[in-house]
Amino acid sequence: MNTGFTLKRVVEYSAVFNDKPNDLDSFLSGIKRSRILNAVAFFLGFSNRNSKYESHKEFISMFFCAENNELANEIYQKLEQTKFNPNEELIIINPLTGLQLFEFCFNNLNEEETQTEAEAERNIFKAILFQNEQNTIAQNKSAESTKKLDSNIKLASLALTQSFAYNDIINYEKGEVLACQMIKSIYLFEFLESREDTKYLLAKFLAYFETENWKDYLKSVLPIAFSVIQAENEAHTDIIVDSQKDSFEKDCEFIEKLIVKDVEELNDFDFIKLRSNPLYKVKNGVYRIIYGLFIIELLHKGLYFKLSELNRKLKKSQKVKGEFRGFYCDEFSEKYLLYRIMDSIYENRYIKFSGEQIKALNVSAEPDYYIRNGNNVLLFESKDILVNAKIKHTYDFEKYEAAFKKKLYYDEEDGKIEKKAVLQLLNNIERILDKELPHDNNYKSNSIKIYPILVLHDHQFNISGLNLIINNWFQDELEKLKNKGYNISKIRPITIIDIDTFIYYQDYLRNRTLKLEKVIDEYYKFITFDRKKKYRDEDHAKQHVQRTLIPFSIFLSNYVTERKIPKMLKEKGYLLFD
């Protein structure tokens, strides 16, 4: 099984050149901004899976013109000499460096050009390696921030800290993201349409885009997102508006309206400008995609950004209650979306209750969703959280841990502890063992097996090490439960599953090709490291240690040998053409 670990070395400036540059400006000043933006957009068009340009040889061969051929050969020979072994993979460009260069050039350069084409080519290459090295220096902080940790979480903490800053922009599957974004966007519009307190916001949105209804809006956005999926070559992708159509001006205006102007709601995201402006205008009627993932995310995440912006501009009496972020997370993500996905998967099966149904029975601090199949209980806690972008890019485990604890474990203020997901799950586990939840108590406490599931709503948390760290907190709390006299032998470890995993694999769960409790059991068999077991050799032992770090989503993608687009995508898609 593929564990998701591939060792590749990013080429740094000092591996090729002997001088010590100070900043990007020393390379890029004097190159037209449009030249660099076009070059970087081309790099960002490389496939994030098995790109031919992951090969440093292929990249160098493609990058340099004939005038720089001698330099290109020198660089290639030098890199070959730096290899630790003949099969080591060296990477020159990656999405993190590409996005950073694009953002720098967009913010700091103009159209003044004093460098020749050959000089510009050499300096853009140097700028790439310089930024690679800056990222490596930043990443090296992760080792320092984790060196004093206990051995049981040290490796997981290091893996998390090294990759959290960029994991979400590199590790994704375009088709899966598109399917989930589309389904969530339709659910969000249905949610807005169904509520009295969002009617002004929906009306403002439709008026802004000059569309009669949200279905017409999505039909206009979908072709832009599909252009990323359908791209045949590893290069930049342009959206070209047909200038012969009578609607040319209106079509151009629509595309430009997708750009988010007010970025206040984006403070928890990195690459704010690029996420809110995922394409740029090359000329009238021609728009170039900056990064494919951000374009696909226009469907739902971009919709959230635009709704946040428009809600801010409404009269106070017309705005949604409270801050939009809180309203969206509580009312849409953690209730509406979760309930409908779970209801779709487990319709007319098992004993199941949503949080709202349990709350209606005068139960406070209720589970977000509850399912019992015989002696197996699936207990869900749903959290739509984000970690602030500034913290995300610190490569500092202490800051990461504090952020995750505050959002998922507990928050302490003025001596008062507010329970978060881990403690909320423990609280409801205790109630289940005591048979105190009135919606379902027709079982024997000693026979019940409980599967605590933490549902998160952003794929940035599908990251190595996080499940192990969160489960470590959970096991500490389980010991406290054991000390109170409870039998905890049938309480399974906590499992982090993102909502997109439920959306994408819902058909398998619905038709019982997959039984969630069985897959979770298989997941923990796979990731558990048995220190008493005798392994073939040191490499074999290391492979099993690495297994402990993988997220459930990666395990499941390997577990399901043949992946199919969810039927819900077709069902929801048909709504657009009713």
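Predicted model: local features only at pLDDT ≥ 70, side-chain atom pairs only at ≥ 80, totals over all residues.
Student: Why is Asn362 called exposed?
Tutor: Exposed means over 50% relative accessible area. Asn362 has a relative accessible area of 77%, so the word applies. Asn362 sits in the loop between α18 (355-359) and β7 (369-373), and its phi is near 65°, a positive value in a residue other than glycine.

Student: Why is Lys435 called partly exposed?
Tutor: Its relative accessibility is 35%. Buried means under 20% and exposed means over 50%, with partly exposed in between, so Lys435 counts as partly exposed. Lys435 belongs to the loop between α21 (421-433) and β11 (449-456). Lys435 is not a glycine, yet its phi is positive, about 55°.

Student: What makes α10 largely enclosed by the rest of the structure?
Tutor: Of its 21 residues, 17 are buried, so α10 is largely enclosed.

Student: What caps the N-terminal end of α10?
Tutor: Glu173 does, with a side-chain oxygen 2.9 Å from the backbone nitrogen of Gly175. The cut-off for a polar contact is 3.5 Å, so this distance falls within it.

Student: How do you know that β3 pairs with β5?
Tutor: Two strands pair if there are at least two bridges between them. Three bridges join β3 to β5 (residues 286-289), so they pair, and they run antiparallel. Ile239 stands opposite Tyr287 in β5.

Student: Why do β3 and β4 stand at the edges?
Tutor: The open sheet has the order β3-β5-β4. β3 (238-240) and β4 (279-283) each have a single partner strand, so one side of each is left without a neighbour in the sheet. From one strand to the next, the twist averages 30°.

Technical notes: Residues numbered from 1 in each chain as written. Heavy atoms only, no water. Helix = DSSP H or I, 4+ residues; strand = E, 2+ residues; numbered from the N terminus. Axes fitted to C-alpha atoms, helices over the stretch in contact; angles between N-to-C directions. Buried < 20%, exposed > 50% of the residue type's maximum accessible area, 1.4 Å probe, protein only. Polar contact = N/O pair within 3.5 Å; in protein donor to acceptor, adjacent residues only side chain to side chain.
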